[in-house]
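Subject: Structure handover and notes

Dear colleague,

I am passing the structure below on to you, together with my notes on what turned up in it. Please read the notes with the structure open beside them.

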Amino acid sequence: MTLIAPSILSADFTRLGEEVKAVENAGADWIHIDVMDGQFVPNISYGPIVVKACKQVTDLVLDVHLMIETPDARIPDFAKAGANYISVHAEACPHLHRSLQLIKSLGVKAGVALNPATPLSAIEYVIDMLDFVLIMSVNPGFGGQKFINASLNKIIALSNMLSDAGSNAIIQVDGGVNNDTIEAVTRAGASCFVAGSAIFNTPDYKTTIDGLRKLSDK
Ligand code: DX5
Ligand code: ZN
């Protein structure tokens, strides 16, 4: 099943509630919320109050992507704010097993995000704990970047790794997903597609989301 997850990083923040409602009405499955701390990535975005605000306007799954150092200190606040799914970066978690345990103990679905240069071996020994794996197909920090093609082989390898382990974890791909890249990403084995600029920079979200879904259903 295809899941389309618009990233509100590219939304119009002067009208955030309307933007979230608009992608919900246009058929989005999840709302992807990019949290950046200016340390782990060279950009600062927003924190739990934005998750809480989204929760007030939508019943869709809130998928919180933590691009922050020491995420364990913040995870409870995001759970309380209404996150349904939380991903932490393997590169930011010296005790990744503990971070995942913490997320799950709060009743939230747990995922690990991997930067383009991070090997899949980073999740080998926590694979049974994962509800989803986020493959970054750009270097995290900004919307609107170009898809890194080497991500495709990584998604194929992850797909094999998960089936070998008997895992049903969702493969999510984030960065540069658009009409030109989504078919290849689908063929590689992903089923959850984060898209920021490819959705919010278009005039008609329903047409855009329908188009992405159609290309990913092939
Ligand atoms: C990048 C973020 C992405 C970003 C994607 O650091 O994790 O979620 O919003 O933006 P696009 O879809 O424009 O590449
Ligand atoms: Zn993201």
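To begin with the pairing of strands, isoleucine 31 has leucine 62 in S3 as its bridge partner. Please keep in mind throughout that this is a predicted model. The strands concerned, S2 (residues 30-36) and S3, run parallel and are joined by seven bridges, and together with helix H2 (residues 48-57) they make up a β-α-β unit that is right-handed.

On its own account, strand S3 (residues 61-67) is largely enclosed by the rest of the structure, because six of its seven residues are buried. S3 also pairs with strand S4 (residues 85-89), again in the parallel sense, over four bridges, and here histidine 65 has serine 87 in S4 as its bridge partner. Between S3 and S4 the chain passes through helix H3 (residues 75-81), in a β-α-β crossover that is right-handed.

In helix H1 (residues 16-25), the buried residues include Glu19, Val20 and Val23. Viewed down the axis of H1, the buried residues fall within an arc of 100°, so they line one face of the helix. The face turned away from that buried side carries Glu18 and Asn25, which are exposed. Among the elements that cover the buried residues of H1 are strand S1 (3-6), S2, H2, H7 and helix H8 (205-216). Just after H1 comes glycine 27, with a positive phi of about 105°.

In helix H4 (residues 96-105), it is Ser99, Leu100 and Ile103 that are buried. They cover an arc of only 95° around the axis, which puts them on the same side of H4, while His97, Arg98 and Ser105 on the other side are exposed. The cover over the buried residues of H4 includes H3, S4 and strand S5 (109-114). Glycine 107, which follows H4, has a positive phi, near 75°.

Glutamate 91 lies in the loop between S4 and H4, and asparagine 115 is found in the loop between S5 and strand S6 (132-136). Glutamate 91 counts as partly exposed because it has 18 C-beta neighbours inside 10 Å, and asparagine 115 counts as partly exposed because it has 18 C-beta neighbours inside 10 Å. Leaving aside residues up to four places away in sequence, glutamate 91 touches Asn115 and Thr118, whereas asparagine 115, with neighbours within four places likewise set aside, is in contact with His89, Glu91, Met136, Asn139 and Pro140.

Finally, the surroundings of the ligand. There are 22 residues around ligand 1, of which Ser7, Pro140, Gly143, Gly196 and Ser197 come nearest. At least two residues of the shell around ligand 1 are supplied by each of S2, strand S8 (192-195) and helix H7 (197-200). By class, that shell has eight nonpolar, twelve polar and two charged residues. Pro140, one of the residues that come nearest to ligand 1, is also one of the contacts of asparagine 115.

With best wishes

Notes. Residues numbered from 1 in each chain as written. Chains lettered and ligands numbered in written order. Predicted model: local features only at pLDDT ≥ 70, side-chain atom pairs only at ≥ 80, totals over all residues. Buried ≥ 20, exposed ≤ 12 C-beta atoms within 10 Å, placed from the backbone. Pairing = 2+ DSSP bridges. Right-handed = clockwise from strand over helix to strand, strands pointing away. Arc of directions from axis to C-beta. Contact = placed C-beta atoms within 7 Å. Near = placed C-beta within 6 Å. Nonpolar A, V, L, I, M, F, W, Y, C, P; charged D, E, K, R; others polar.
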